[in-house]
Amino acid sequence: MNRHVVDVVALHERASATPEALARPRSAPREPSRAAPTPSAEELTLRGTQLWFQRAVTTPESEESAIGEREAATRLTAGPRLTALERLEIYRRGYHARLVECLADDYPVLQAALGASAFEALCRAYVARHPSESPSLNAYGRLMADFLRDGAPDETPSRAFAADLAALEWSIVEVIHAASSEPLTLEGLGRIPAEAWAGARLVANTALRLQRFEYPVNAFFQQVRDGASPALPSLSPSATVVYRSGPTVWRMDLTEPMFQVLQGLLAGEALAAALGRAEAGLAGVDPVEIGQRVTHWFREWVASGLFVRVEI
Amino acid sequence: MSNRFGLPELGVGIGLRTVHYSHIVDTQPDVDWFEILSDNYMHTAGRPLHYLDAIAARYPVAMHGVGLSIGSTDPLDRAYLRELRALRDRTGARWVSDHLCWTGVAGKNTHDLLPLPYTEEALLHVADRVRAVQDFLGAPLALENPSTYVEHAGGAARTMPEWEFLARLSEAADCALLLDVNNVFVSAYNHGFDPRTYLDAVPFDRVVQLHVAGHTHHGTHILDSHIGPVIDDVWRLLALAHARAGGVSVLLEWDAEIPDLPATHAEALRAREFIGKVAA
């Protein structure tokens, strides 16, 4: 069982800074032909001002500005060197750049897989579809895998693979932020009376996600982390458990029988029932060998910190 | 200490950033204090708190937020306030700060520090909310002047300069101030005023902390990018503000292209080359 550490350092760290990496070069804003509407008294209240400003800032950069130069000048002052609309556009660019940067922090391997341009287009489509409704960005990217399956731009390459990869990367974010407890140790395991084993249930580390994929995404993830530029893989089922032990996030690939057993354990099945799942997945293998294999898996999972306690 | 709130002068600190976690925990560098970005430790129960607990146990910390949205016309987010207070209690933070801005409205969040119109209506609105937050925290809230790239015309309403708004707000709400001298410099360039005019209006007995940072000059405007190092003109503003405050905690923010901790700390300590060299 190979396991790999995830060397995530910075994860959508918030700052009061304005993003400098404004990815999209901008031409001068176009002046719509329509005349600037005169704001009503209600539209000029603090509430009305904020609603207007937010609409202007959040309009996708692929679209013409929601307002024109004349309308901007009715509400904002020109600066020494920039018009009112040019000044407002700084906020529009900053809004999109900040959220794209956040998604790039969450999905660095997806970015490598798709390429910078396709990834940025994907993120901008995501931002347009899913404006943030939380003061925290920690969970902002949680819908990316679903978005890739249903809603991403048609030109996004290999959407099914990308969705699997996004699911793996999001599970890393989740376990970083999930609470965790002191893990069960092999010594702790040894204190369970022999007669209690079959009916015992294991309580999993809450900073753990078990997933099955259509593509070998964890292997791809590791290749990218190792500095390679692998081709996008073909369909080939895989399963991975992602978990955190202390500050360190780990990924461990599982065979299908391992997945079945671990899934049973995580679902709260008694040990005997969960371990019995291995027999179904290892048809034709000698029962003694099955027992040895399962015991080996089980000890490795406990030693890795996948469980926090046993309930007898 | 010289501020009216009795908050301590912590020395010269740096903003806590994740790239420095391991270095700090492993080597315990001789840094006076750390400012934590409150929002990086909220909506999480995991690894960020693992490091924060270790660092807050060793160093004085203050909390600096970007998500309070004190100027929004949406209702105050009580869940956010509860989490903010719990984090303050967990870390023993010496004070809590956020920005004079709004971040979203109608349930949306732009995650940007958006500029308020500096009108009488906004003044009353923000003062009410600052008082509510301070009542909730049981402590003064320090509000920071933002970098801005645009100013509201205000329609028929009279608008006032930011420095007047900030001074009147701090008086009306009896709140503390976090004066970011880089933001003063940035906004002064972007809007065409003299940064000393701004400083002349600041009620320094309310200033509990100074911020300094690098920025990016684009010719037509300056972005508050927090990419260091800090230019000497900003250091000189810091020294002036420090003298007028009669001594106050200083903090360097560095948020992009962040060097290792010794280099970041060395940049922060440049403050000592300037402090005491100018007359108030």
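Two residues are in contact if their C-beta atoms, placed from the backbone, lie within 7 Å. Among contacts in chain A between residues at least 6 apart in sequence, 70% join residues at least 24 apart.

This is a predicted model, in which local features need pLDDT of at least 70, side-chain atom pairs count only at pLDDT 80 or more, and totals for chains, interfaces and linings use all residues. Residues are numbered from 1 along each chain as its sequence is written, while chains are lettered from A and ligands numbered from 1 in the order in which they are written.

**Chain A overall**

Chain A holds twelve helices and six strands. Helices (H or I, at least four residues) and strands (E, at least two) are DSSP runs, numbered from the N terminus. Buried residues make up 40% of its 312 residues. Buried means that 20 or more other C-beta atoms lie within 10 Å of the residue's own, with C-beta atoms placed from the backbone. The C-alpha trace of chain A spans about 85 × 40 × 30 Å along its principal axes. Its radius of gyration is 26 Å, whereas a compact globule of 312 residues would have one near 20 Å. That radius is taken over C-alpha atoms, and the globule rule is 2.2 Å times the number of residues to the power 0.38.

**Two domains**

Chain A is assigned domain 1 (7-172) and domain 2 (179-311). Such bounds come from an automatic or database domain assignment. The domain centres, taken over C-alpha atoms, are 39 Å apart. Between them, 13 residues of domain 1 are in contact with 15 residues of domain 2. On the domain 1 side, α4 (108-114) and α7 each supply at least two residues. The largest share, eight residues, comes from α7(A).

**Chain A against chain B**

Here 54 residues of chain A are in contact with 57 residues of chain B. On the chain A side, α1 (46-58), α3 (84-106) and α7 (159-177) each give two or more residues. α1(A) gives the most, with nine residues.

The table sorts two sides by class. Ala, Val, Leu, Ile, Met, Phe, Trp, Tyr, Cys and Pro count as nonpolar, Asp, Glu, Lys and Arg as charged, and the others, Gly among them, as polar.

| Side | Residues by class |
|---|---|
| Chain A, touching chain B | 27 nonpolar residues, 17 polar residues, ten charged residues |
| Domain 1 of chain A, touching domain 2 of chain A | ten nonpolar residues, two polar residues, one charged residue |

**A strand in chain B**

Strand β7 (residues 207-213) of chain B is mostly covered, with seven of its seven residues buried. Strands pair if DSSP finds at least two bridges between them. Four bridges join β7(B) to the parallel strand β6 (residues 176-180) of chain B. There, Val207(B) stands opposite Leu177(B). Five bridges join β7(B) to strand β10 (residues 249-253) of chain B, also running parallel. His211(B) has Leu251(B) as its bridge partner in β10(B).

Notes
A residue is buried if 20 or more other C-beta atoms lie within 10 Å of its own, exposed if 12 or fewer, and partly exposed in between; C-beta atoms are placed from the backbone.
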